[in-house]
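Dear colleague,

Please find below the structure that I am handing over to you, together with its sequence. My notes on what was found in it follow directly after.

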Amino acid sequence: MNESIRGLPDDPGSLPPFRIGEWLVHPRLNRLQRGDETVPIEPRVMHVLVCLASRPGELLSRQEILGAVWPQVVVKEEALTQAISQLRHAFADDSRSP
């Protein structure tokens, strides 16, 4: 775990599967599963999801997530925006009616 980022995971692949609503999240396999439906997601997108899921009900700053997912790398905030967009798409979530 990345202790400098208040307990956010730095290796999501080491985590066991967990549930988010109807979905079973497989961090090691970079996929989401709901019944017979399987949705693959990119490793960085999975890392963002794991960070958000690791602190349910808490508001994480963009800087906290960027620091956990892209440590020691300078990336534009757009990278996080794109990851969130991909998560919304994977979960079939509508930003207008989340």
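Helix H1 (43–54) and helix H3 (77–90) each contribute at least two residues to the lining of the largest pocket. Please bear in mind throughout that this is a predicted model. The volume of the largest pocket is about 230 Å³. Its lining consists of 10 residues, of which Leu52, Leu87, Arg88, Phe91 and Asp93 are the closest to the centre. Sorted by class, the lining of the largest pocket comprises 8 nonpolar and 2 charged residues, with no polar ones.

One of those lining residues, Phe91, also takes part in an aromatic contact. The count of aromatic pairs comes to 1. The partners are tryptophan 23 and phenylalanine 91, in an edge-to-face arrangement with 5.5 Å from centre to centre and 90 degrees between the planes. Because tryptophan 23 lies in strand S2 (residues 23–26) and phenylalanine 91 in the segment after H3, the pair ties together parts that are 68 residues apart in sequence. Both tryptophan 23 and phenylalanine 91 are buried.

I turn next to the nonpolar core. The largest one has 22 residues, and those that touch the most other members are Leu32, Ile41, Val48, Leu49 and Leu87. At least two residues of this core come from each of S2, H1, helix H2 (62–69) and H3. The element that gives the most to this core is H1, with 6 residues. Not counting residues up to four places away in sequence, leucine 32 touches Trp23, Leu24, Val25, Glu37, Thr38, Val39, Ile41, Leu49, Ala90 and Phe91. Both members of the aromatic pair, tryptophan 23 and phenylalanine 91, are thus among the residues that leucine 32 touches.

As for helix H2, its buried residues are Glu64, Ile65, Leu66, Ala68 and Val69. The buried residues of H2 pack against H1 and H3.

Valine 39 is placed in strand S4 (residues 37–40). Is valine 39 buried or exposed? Its relative accessibility is 15%, so valine 39 counts as buried, the cut-off being under 20%. Leaving aside neighbours within four places in sequence, valine 39 is in contact with Trp23, Asn30, Arg31, Leu32 and Ala90. Although valine 39 and proline 56 are 17 residues apart along the chain, their C-alpha atoms are separated by 22 Å.

Histidine 26 belongs to strand S2. With a relative accessibility of 11%, histidine 26 counts as buried. Its contacts, again leaving aside neighbours within four places in sequence, are Pro17, Arg31, Gln33 and Met46.

Glycine 13 is found in the segment before strand S1 (18–20). Glycine 13 is partly exposed, at a relative accessible area of 26%. Apart from residues up to four places away in sequence, glycine 13 touches Pro27 and Arg28. From glycine 13 to leucine 29 the C-alpha to C-alpha distance is 7.5 Å, while the two are 16 residues apart in sequence.

Most residues other than glycine have a negative phi. Asparagine 30, although not a glycine, has a positive phi of about 55 degrees. Glutamine 72 sits in the loop between H2 and H3. With a relative accessible area of 87%, glutamine 72 is exposed.

With kind regards

Definitions and conventions. Residues numbered from 1 in each chain as written. Predicted model: local features only at pLDDT ≥ 70, side-chain atom pairs only at ≥ 80, totals over all residues. Heavy atoms only, no water. 1 Å grid on protein atoms, 1.4 Å probe; cavity = no way out; pocket = protein on both sides within 12 Å on 5 of 7 lines; lining within 4 Å. Points joined across faces, edges and corners; volume = space filled by probe spheres on them. Helix = DSSP H or I, 4+ residues; strand = E, 2+ residues; numbered from the N terminus. Nonpolar A, V, L, I, M, F, W, Y, C, P; charged D, E, K, R; others polar. Phe/Tyr/Trp six-rings, centres within 6.5 Å; stacked < 30°, edge-to-face > 60°. Buried < 20%, exposed > 50% of the residue type's maximum accessible area, 1.4 Å probe, protein only. Core = buried A, V, L, I, M, F, W, Y, C linked by side-chain atoms within 4.5 Å. Contact = heavy atoms within 4.5 Å.
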